[in-house]
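Take the sequence and the model together.

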Amino acid sequence: MNETDSITDIEPTSNSLRSVHTSNLPEILSQLGISLMVTTYQAGKLVMLRAENGVLNTHFRLFDKPMGMAVQPNRIAIGSEMQVWEFHNIPAVCEKLDTAREATDDLPARQASPHPHDACFLPRVSHFTGDIDIHEMAWIDDDVVFVNTRFSCLARRSGTFNFEPVWRPSFITKYIPGDCCHLNGMATRDGKVDCVTALGETDEPGGWRANKKDGGLLIDVASNEIVARGLSMPHSPRWYNGNLYLLHSGTGGFGVIDPVTGAYESIIELPGFTRGLSFCGPLAFIGLSQVRETSVFGGVPIAERELAERTCGVWVVNIESGQIVAFVKFEDAVQEIFAVEVLHGSTYPELVNEDCELLAGSYELPDAALADVPAELRR
């Protein structure tokens, strides 16, 4: 696997956000017809990884502490520091993105896109949750269910309240903003949340920190029974092709869990704190964080490796062979990754959250109303 520099598409005010990638990664994305959405709460960015003329384009959008994502082909939800953002794909806006714009007194110039866009996500809803430390998210029954880590529960949006709790572990006896068990990840199956990961079986604020090295749990949501114990900081459980995969983050691991016995079987250990997992075909796309020796990671196996042996980026692993087939490695400003999601059916998407001129002039109407819009305006 040869490494090459990425094309970095960032705001002029951003810090250095360099990355390098294996030369085959853009080809993999193109062949699969996908792009990757990655959140880095530490750098405050959503990263879109897109193939552009044989090179990886790393495209950034600013958010306040972005973490969990729920991704479908035509809508994306992003959990930030105090909000859940919902974006919808409006393909007609792609034409505006691909067209150059001359500068005016009010607007900067915009160059024509070097590659045609095939999706454009515009904001539809911003729901204020307060600071609840949102972790993983999923679309369930046409709504977003998210891990409310601060209150140790699963929750969803509400038209009246900051959030509506929908489930909590049996050992959590009260709703307090204390991050008792560090609930963090969830796996869906047949349209429902099937299981969750937590870092400790405790009802005390911050209690999970006492045994973070191997106090991790996998919990069945329907029965509220603990399926597996003794895990090292587990994250990102996923059902895929009949197997329950899991990131054994404290060791940099990726493997499978037997849902009957709770036994963990390692597939591979990677050079970083594994967090964020998505699949396409035989490939797993896994987020890696560098992590440093802190009160959070102290004593955890991955933090005991030399700093030079720990890295940040997205690694691609063949789940059939257990081999690394590609990666992109972030340098400088990006050191922590939270979520990695495959965006199916789009190789060069855009997400707009700050271009006021584009947002102000782009409209989506019901079909009945659209029928009465003049044809020259319907694009």
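What follows is a short tour of selected features.

This is a predicted model, in which local features need pLDDT of at least 70, side-chain atom pairs count only at pLDDT 80 or more, and totals for chains, interfaces and linings use all residues. Residues are numbered from 1 along each chain as its sequence is written, and side-chain values use heavy atoms, with hydrogens and water left out.

Five strands make up an open, mixed sheet in the order 7-8-9-10-28. Strands here are DSSP runs of E with at least two residues, numbered from the N terminus. Two strands pair if DSSP finds at least two bridges between them. Strand 7 (69-72) and strand 28 (349-351) are the edges; each has a single partner strand, so one side of each lacks a neighbour in the sheet. From one strand to the next, the twist averages 20 degrees. That angle is taken between N-to-C directions, on a scale from 0 to 180 degrees, with axes as lines fitted to C-alpha atoms. Inside the sheet, strand 8 (residues 75-79) runs antiparallel to strand 9 (residues 83-89), over five bridges. Ala77 faces Glu86 of strand 9.

Stay with strand 7 for a moment. Met69 lies in this strand. Met69 is buried, at 2% relative accessibility. Buried means under 20% relative accessible area, exposed over 50%, and partly exposed in between, with a 1.4 Å probe and protein chains only. Met69 and Phe146 are 77 residues apart in sequence, yet their C-alpha atoms are 9.0 Å apart.

Rolling a probe the size of a water molecule over the atoms shows where empty space is left. A pocket is an open set of points on a 1 Å grid over the protein atoms alone, with protein on both sides within 12 Å along at least five of seven lines; lining residues have an atom within 4 Å of a point. The second largest pocket has a volume of about 640 Å³, counted as the space filled by probe spheres set on the points. Its lining has 28 residues, and Val71, Thr188, Arg238, Ser278 and Glu341 lie nearest the centre. Strand 7, strand 11 (134-140), strand 15 (185-189), strand 19 (234-240), strand 23 (273-280) and strand 27 (340-344) each give two or more residues to this lining. Strand 27 has the largest share, five residues. By type, the lining divides into 18 nonpolar, seven polar and three charged residues. Ala, Val, Leu, Ile, Met, Phe, Trp, Tyr, Cys and Pro count as nonpolar, Asp, Glu, Lys and Arg as charged, and the others, Gly among them, as polar.

Eight of its eight residues are buried, so strand 23 is largely enclosed by the rest of the structure. Strand 23 pairs antiparallel with strand 24 (residues 283-289) over six bridges. Ser278 stands opposite Phe285 in strand 24. Two residues separate the strands of this hairpin, where Gly281 has a positive phi near 60 degrees.

Two loops deserve a look. Most residues other than glycine have a negative phi. Asp141, not a glycine, has a positive phi of about 50 degrees. Asp141 sits in the loop between strand 11 and strand 12 (143-148), and is exposed at 73%. Asn241 also has a positive phi, near 50 degrees. Its loop joins strand 19 and strand 20 (243-248), and Asn241 is exposed at 62%.

Last, the cysteines. A disulfide is a pair of cysteine sulfur atoms within 2.5 Å. The count is zero. For Cys120, the closest cysteine sulfur, in Cys94, is 5.6 Å away, too far for a bond. Cys120 is buried at 0% relative accessible area, and Cys312 is buried at 2%.

Terms used:
Helices (H or I, at least four residues) and strands (E, at least two) are DSSP runs, numbered from the N terminus. On a 1 Å grid over the protein atoms alone, a cavity is a set of points where a 1.4 Å probe fits but cannot get out, and a pocket is an open set with protein on both sides within 12 Å along at least five of seven lines; lining residues have an atom within 4 Å of a point.
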